[in-house]
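Subject: Structure for you to look at

Hello,

I am handing over the structure we talked about.

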Amino acid sequence: MLEKYSGQPPSRELANDIEFADQMGGLMPSPFRFARHGESGMEISELLPHVSGHVDDTALIRSMFGGHFNHEPSLFLMQTGRLIPGCPSLGSWVVYGLGTENQNLPDYVVLDDPKRLPINGIQNWQSGWLPPVYQGSRMRSQGSPILNLHPREEFPGPVLQLARSILADFDADHRRKRPGYPELDARIASYELAARMQLLATDALDISDESAATREMYGLDNEVTASYGRRCLMARRLVERGVRFVQIYIEGQIWDNHFDLEEELRYCCGKTDKPVAALLTDLKQRGLLDSTLIVWGGEFGRMPLSQVSPGEKNAGRDHGPGGFSVWMAGGGIKGGTVYGATDEIGYKAVEDPVSVHDFHATILHQLGMDHSQLVFQRNGLDERLSGVDPARVLQEILG
């Protein structure tokens with residue numbers, strides 16, 4: 001329908017949702033071709049030739065909808081289930097509910113882009129009013145994974161062990177005299193974890209021992225894909241070692257294609273397509289995909305009409321929270337599934353709409369938790385990631 005009505009003005013309803021009315025153009029079809037892939041025949045853009053080879057392991061949700069037009073509140077909603085700052089992130093909720101599998105690495109690791117932090121910065125992996133011990137641990141994908149991890153002077157093992165034992169006694173005495181301080185507990189726990197990580201964290205993120213074939217598969221030999229590919233490979237190594245929750249971020253806000261959409265989307269997909277497909281391939285061939293849930297997406301989509309401005313080379317699209325797509329793979333997901341749909345021009349979710357709370361409830365379900373039972377008491381209230389609004393698990397996409 002966008003092809004049929006290309007260039008025509010939008011409806012009044014759609015026009016009312018535009019942030020930059022003075023830059024509003026006509027309806028805009030995609031500049032890219034779509035084709036069916038896999039046994040399921042899922043339609044995927046030509047910009048994703050590597051990911052398209054994994055559609056039969058993937059569930060594509062085409063009817064997500066958000067609650068706000070701007071990045072900041074939309075990201076808070078996607079990360080925490082609320083439109084406001086200061087609430088626990090999804091990763092914090094997960095490790096709060098599941099605990100740890102590995103005593104020598106953080107439960108929740110964040111691999112952000114060395115070039116730029118995402119919108120909302122470190123608030124994306126905050127623990128909010130959950131105990132601070134559940135906050136995400138940021139690790140660097142270039143240089144030393146964690147700054148100041150190793151001591152300036154090396155000591156013999158027995159001396160180091162004795163020093164840590166004495167320090168543990170001091171910490172325990174200090175904690176007993178100051179009950180009810182979760183920040184203190186978290187700080188002591190973080191120092192104890194840092195001591196245990198001195199060997200394992202470096203090993204977990206050291207990709208130098210990976211085969212040439214693996215490095216090529218992730219795109220580490222190509223300047224375009226190397227940075228994102230390195231973080232995808234690190235994520236696999238962390239999952240192998242029992243880290244519960246890993247988040248990978250891309251350079252700032254490169255998907256925010258208000259102008260020059262065709263050129264910018266080629267750049268975004270060129271950086272991410274091969275590494276993401278490599279992660280799926282790698283996990284599957286190692287027997288880890290069935291037990292690892294991969295979730296890919298952003299805080300909203302784009303409008304089905306062009307955004308144009310004097311001085312800009314080519315048109316782009318404005319924010320579109322009314323209907324957008326995310327996908328999941330592995331972790332008990334029914335591969336080759338397409339769930340829900342927007343209207344005929346891609347403006348709003350109309351068939352089986354999926355809220356962010358539904359999305360979170362489904363993720364928690366696949367990790368073995370009931371979203372209605374995962375609670376934290378605060379100020380006399382049972383707080384939940386899924387809030388007080390009704391939320392449902394998307395049974396239709398589960399294997």
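What follows is a short account of what was found, from the whole chain down to single residues.

Please keep in mind that this is a predicted model.

Overall build

The protein has 9 helices and 17 strands. Its radius of gyration is 23 Å, close to the 21 Å that the globule rule gives for 399 residues, so the protein is as compact as a globular protein of that length. Along the principal axes, the C-alpha trace spans about 75 × 55 × 45 Å.

Of the 399 residues, 47% are buried. The exposed surface comes to about 19,800 Å², and carbon and sulfur atoms supply 51% of it. Taking contacts between residues at least 6 apart in sequence, 73% join residues at least 24 apart. As for charge, there are 38 positive and 53 negative side chains, and the centres of the two sets lie 4 Å apart.

Helix 9

Helix 9 covers residues 356-366 and is mostly covered itself, with 9 of its 11 residues buried. These buried residues are Val356, His357, Asp358, Phe359, His360, Ala361, Thr362, Ile363 and Leu364. What lies over them includes two helices, helix 2 (71-80) and helix 3 (90-98). Strand 4 (58-64), strand 8 (293-296) and strand 12 (324-330) are also among the elements that cover them.

The phi of aspartate 352 is near 50°, a positive value in a residue other than glycine. Aspartate 352 is partly exposed, with a relative accessible area of 36%. After the helix comes glycine 368, with a positive phi near 90°.

Aromatic pairs

The count of aromatic pairs comes to 9. An α-helix has 3.6 residues a turn, so residues three or four places apart point the same way. Is tryptophan 93 buried or exposed? Tryptophan 93 is buried, at a relative accessible area of 1%. Tyrosine 96 is partly exposed, at 25%.

Tyrosine 96 also forms an edge-to-face pair with tyrosine 134, at 5.5 Å centre to centre and 80° between the planes. Tyrosine 134 is in the loop between strand 5 (108-111) and strand 6 (137-138), while tyrosine 96 is in helix 3, so the pair ties together parts that are 38 residues apart in sequence. Ring pairs link Trp93, Tyr96, Trp129, Tyr134 and Phe376 into a cluster.

Three further residues

Threonine 58 is in strand 4, one of the elements that cover the buried residues of helix 9. Threonine 58 is buried, with a relative accessible area of 7%. What does threonine 58 contact, leaving aside its neighbours within four places in sequence? The contacts are Met42, Trp327, Met328, Ala329, Lys334, Gly335, Gly336 and Thr337. Aspartate 17, by comparison, is 41 residues from threonine 58 in sequence and 31 Å from it in space, C-alpha to C-alpha.

Glutamate 251 sits in the loop between strand 7 (245-248) and helix 8 (261-285). Although it is in a loop, glutamate 251 is buried, with a relative accessible area of 7%. Once its neighbours within four places in sequence are set aside, glutamate 251 is in contact with Asp113, Lys115, Arg116, Tyr267 and Lys271.

Asparagine 120 is in the loop between strand 5 and strand 6. Asparagine 120 is not a glycine, yet has a positive phi of about 75°. At 15% relative accessibility, asparagine 120 counts as buried, because the cut-off for buried is under 20%.

That is the whole of my notes.

Regards

Key: Residues are numbered from 1 along each chain as its sequence is written. This is a predicted model: local features need pLDDT of at least 70, side-chain atom pairs count only at pLDDT 80 or more; totals for chains, interfaces and linings use all residues. Side-chain values use heavy atoms; hydrogens and water are left out. Helices (H or I, at least four residues) and strands (E, at least two) are DSSP runs, numbered from the N terminus. The radius of gyration is taken over C-alpha atoms; the globule rule is 2.2 Å times the number of residues to the power 0.38. Buried means under 20% relative accessible area, exposed over 50%, partly exposed in between (1.4 Å probe, protein chains only). Contact means heavy atoms within 4.5 Å. Accessible areas come from the Shrake-Rupley method with a 1.4 Å probe; for residues, only the protein chains shown count as cover. Lys and Arg count as positive and Asp and Glu as negative; His and the chain ends are not counted. The place of a charge is taken as NZ of Lys, CZ of Arg, CG of Asp or CD of Glu. Rings of Phe, Tyr and Trp (its six-membered ring) pair if their centres lie within 6.5 Å; planes under 30 degrees apart count as stacked, over 60 as edge-to-face and the rest as tilted.
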